[in-house]
Every structure is written in C-alpha cells, then in structure tokens.
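A few individual residues are taken up at the end.

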Amino acid sequence: MTLPGLPLRVELLALPKEVAEVRRMVEGDDVRLCVSELLTNVIRHVGEGTPVTVRVVAARGGRTRVAVTDPDPRVWPVLRDAAEDAESGRGLALLDAVAVRWGVDQGPYGKTVWCELGAGRWS
C-alpha cells in the first residue's frame, strides 16, 4: 500500500507556522506527529529560521520514512525521560514509541534526523 501524496520533499525555513503547513501536506496521525516533532526539534535546538528539507517517502517493506535535514551537524537529538510535571521534552519519546526505528545520519554539511513508521501506522 502506498501513502497518498508520496514522495514529498519540501524545503523551508524552520518556523512554527511552517510546522502546521507541513502537517497539512501529509496524511496520518503518526506521520504528522513525526513531522511535527522533527521540525520542532530543529526550531528549539538549532534555531528558528534554520533552512531545512523535509522528506516523507515510501520505504521498503511498506514503511513510511520521515526525514528532516538541517545544516548543523553538531546538535543531535537526545531521547530523555521527561519529568512528570515537565511542559516539554516528550516529543522524541513519542516519536520513539510510534516509529519502528529512528536515527541520525551525519553529512559533511549537516545532519538528517529520520524515523520509519511500520506498514499501516500512518493511517
């Protein structure tokens, strides 16, 4: 089964308003959650206005791959346990819970943080 609208590739500046725009471009709660988390991490940890590329593609085995590339190879996402009363810090844990796998690929001029959702998890 192929996710409608794939492949998707969007180049943009990482701004809060763009998170909502990209969410509207994809289908499925889990895909939207992953796009939101990966873009929000760039905004929060690399900086608002950072140029990014968002890709959502069909991967092997019926999986869906969500990837966000930014130009800072030094700032990597870290999975943490958020305190019970914390107002943030749970996004990557949510991504880890819904994704089959996730990781970071470092390149000479940046990094790509990606995750893969299992077949049917996007619906």
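## Helix crossing

A crossing is called left-handed if the near helix is turned anticlockwise from the far one by less than a right angle, and right-handed if clockwise. In this predicted model, the crossing of α2 past α3 is left-handed. Two packed helices are described by the angle between their axes and the distance between the axes. For α2 and α3, the axes cross at roughly 145 degrees and come within 10 Å.

On the α2 side, the contact is made by Asp-30, Leu-33, Cys-34, Glu-37, Leu-38 and Asn-41. On the α3 side, Gly-91, Leu-92, Leu-94, Leu-95 and Val-98 meet them. Seven residues of this contact are nonpolar, two are polar and two are charged.

## Overall fold

The protein has three helices and five strands. Read from the N terminus, the order of elements is β-α-α-β-β-α-β-β. The chain has 123 residues, and 42% of them count as buried. Among contacts in the protein with a separation of 6 or more, 61% join residues 24 or more positions apart.

## The buried face of α3

Helix α3 covers residues 91–98, and its buried residues are Gly-91, Leu-92, Leu-95 and Val-98. Viewed down the axis of α3, these buried residues fall within an arc of 130 degrees, so they line one face of the helix. The cover over them includes α2 (29–46) together with the strands β4 (101–107) and β5 (110–117).

Ala-93 also belongs to helix α3. Which class does Ala-93 fall into, buried or partly exposed? Buried means under 20% relative accessible area; Ala-93 has a relative accessible area of 32%, so Ala-93 is partly exposed. Ala-93 and Glu-37 are 56 residues apart in sequence, with a C-alpha to C-alpha distance of 9.8 Å.

## The nonpolar core

The largest nonpolar core consists of 28 residues. Within this core, the residues with the most contacts are Leu-39, Val-52, Val-56 and Val-66. At least two core residues come from each of β1 (8–14), α1 (16–25), α2, β2 (50–58), β3 (64–70), α3 and β5. Helix α2 gives the most, with seven residues.

What does Val-56 touch, leaving aside its neighbours within four places in sequence? Val-56 is in contact with Leu-6, Pro-7, Leu-8, Val-26, Val-31 and Val-35, and also with Thr-64, Arg-65 and Val-66.

## Two loop residues

Pro-73 sits in the loop between β3 and α3. Its relative accessible area is 23%, so Pro-73 counts as partly exposed. Leaving aside neighbours within four places in sequence, Pro-73 is in contact with Gln-106, Gly-107, Gly-110 and Lys-111. Between Pro-73 and Val-46 there are 9.8 Å from C-alpha to C-alpha, and the two are 27 residues apart in sequence.

Ala-59 lies in the loop between β2 and β3. Its relative accessibility is 22%, so Ala-59 is partly exposed. Not counting residues up to four places away in sequence, Ala-59 touches Arg-65 and Glu-116. The C-alpha atoms of Ala-59 and Leu-117 are separated by 9.1 Å, while the two residues are 58 residues apart along the chain.

Methods:
Residues are numbered from 1 along each chain as its sequence is written. This is a predicted model: local features need pLDDT of at least 70, side-chain atom pairs count only at pLDDT 80 or more; totals for chains, interfaces and linings use all residues. Side-chain values use heavy atoms; hydrogens and water are left out. Buried means under 20% relative accessible area, exposed over 50%, partly exposed in between (1.4 Å probe, protein chains only). Helices (H or I, at least four residues) and strands (E, at least two) are DSSP runs, numbered from the N terminus. The arc is that of the directions from the helix axis to the C-beta atoms. Contact means heavy atoms within 4.5 Å. Axes are lines fitted to C-alpha atoms, for helices over the stretch in contact, and angles run from 0 to 180 degrees between N-to-C directions. Ala, Val, Leu, Ile, Met, Phe, Trp, Tyr, Cys and Pro count as nonpolar, Asp, Glu, Lys and Arg as charged, and the others, Gly among them, as polar. A nonpolar core is a set of buried Ala, Val, Leu, Ile, Met, Phe, Trp, Tyr and Cys residues joined through side-chain atoms within 4.5 Å.
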